[in-house]
Amino acid sequence: MSDLPDDFTCTITNWEYIYGLCRDVADEVRSAEFDPDVIVALARGGWFAGRCCCDFLGLDDLTSLKMEHYVGTAAKASDPEVRYPMPEGSVEGKDVLIVDDIADTGESLHHAHEYVVERDPSAVRTATLQLLDTSEFDPDFVGERLEEWAWIVYPWNFIEDMIDLIQGVMERADDKRFERADIRRYLATYHDIQRIEMEIAQPDRLDEVLAEMERRGVVESADGAWQLA
Ligand code: AMP
């Protein structure tokens, strides 16, 4: 999220909705008569989807790959690389399904696919819960195609993302102290997060996020208002 401009649209999701997308992906895999032996879930965004797809498809072999954005002279900042090598025997000779949460540039899935293909699997397919049309990689199975670019706030990431978003709007706004209503107003202005949308997807969680921001030393609170620490 750190590379994004100040203003960008966010969509807040919840567990039920995302679980439905996991089911949709699994349905597509079944309809294609692809019968994977193992799921490779990309860390960390693909873990929930990978685990749910194991359940939907009846698999007990789940492994993980962590893609990391390498910043250096030899590679573009956006080129993700595999962080840890995969244990031997994870994918060799197997039908592999690689799963991630969203393909945005598509680079993570693209590189994970290359990495797995180099390890002599019997077949490899890729799946993503959501696909943005910015992606240059075309996954085999897609839960939902998003027509407009947005930052998707996933339930497993809710606190992390909301802290980043709230800290960002506080740094940007001219005010020094923010009441709850100010924070909500700035989230709507800069990120199109409407109060109703947030309360439907993740009810009563603003105070929890603010308390966690205080615990982590990002903000300080006094008299029902918060300011950057
Ligand atoms: P990619 O650009 O396709 O390599 O995306 C890499 C990872 O970054 C994804 O698996 C997500 O975990 C995260 N990510 C990228 N774009 C978004 C987005 N628009 N909303 C939420 N997460 C994102």
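Trainee: What order do the strands take in the open sheet of 3 strands?
Mentor: The order is β9-β11-β10, and the pairing is antiparallel. Two strands pair if DSSP finds at least two bridges between them. Helices (H or I, at least four residues) and strands (E, at least two) are DSSP runs, numbered from the N terminus.
Trainee: Before we go on, what should I know about the model and the numbering?
Mentor: This is a predicted model: local features need pLDDT of at least 70, side-chain atom pairs count only at pLDDT 80 or more, and totals for chains, interfaces and linings use all residues. Residues are numbered from 1 along each chain as its sequence is written, and side-chain values use heavy atoms, with hydrogens and water left out.
Trainee: Fine. Which are the edge strands there?
Mentor: β9 (178–179) and β10 (219–222), each of which pairs on one side only. β9 is joined to β11 (residues 225–228) by 2 bridges, with Glu 179 opposite Ala 225 in β11.
Trainee: And how many bridges do β10 and β11 pair over?
Mentor: 4 bridges, in the antiparallel sense. Glu 220 stands opposite Gln 227 in β11. The hairpin of β10 and β11 has 2 residues between the strands, and Asp 223 takes a positive phi near 50 degrees there.
Trainee: Which helix lies across β9, β10 and β11?
Mentor: That's α4 (residues 158–172), running at about 80 degrees to β11. Axes are lines fitted to C-alpha atoms, for helices over the stretch in contact, and angles run from 0 to 180 degrees between N-to-C directions. Contact means heavy atoms within 4.5 Å.
Trainee: How do the axes of α4 and α5 cross?
Mentor: At roughly 95 degrees, coming within 10 Å. That makes α4 roughly perpendicular to α5, a label for angles of 65 to 115 degrees; under 35 counts as roughly parallel, over 145 as roughly antiparallel and the rest as oblique. The contact includes Met 162 and Leu 165 of α4, and Tyr 186 and Leu 187 of α5.
Trainee: What about α5 and α7, at what angle do they pack?
Mentor: About 100 degrees for α5 (residues 180–191) and α7 (residues 206–215), with their axes 12 Å apart. Arg 180, Ile 183 and Arg 184 of α5 make the contact with Leu 206, Asp 207 and Leu 210 of α7.
Trainee: Switching topic: what order do the 6 strands of the other open sheet take?
Mentor: β4-β3-β2-β5-β6-β7, with mixed pairing. The edge strands are β4 (80–82) and β7 (141–146), and the twist averages 25 degrees from one strand to the next.
Trainee: In which sense do β2 and β5 pair, parallel or antiparallel?
Mentor: Parallel, over 4 bridges between β2 (residues 38–43) and β5 (residues 95–103). Val 38 stands opposite Val 96 in β5.
Trainee: OK, the ligand. Which residues come nearest?
Mentor: Of the 15 residues around the ligand, Asp 101, Asp 104, Thr 105, Gly 106 and Ser 108 do. A residue counts as near if one of its heavy atoms lies within 4 Å.
Trainee: Which side chain has an N or O atom 2.6 Å from an oxygen atom of the ligand?
Mentor: Thr 105. For Asp 101 the distance from a polar side-chain atom to a ligand oxygen is 2.8 Å, and for Asp 100 the corresponding N or O atom is 2.9 Å from a ligand oxygen.

Terms used: A polar contact is a pair of N or O atoms within 3.5 Å; within protein, one must be able to donate a hydrogen and the other to accept it, and residues adjacent in sequence count only if both atoms are side-chain atoms.
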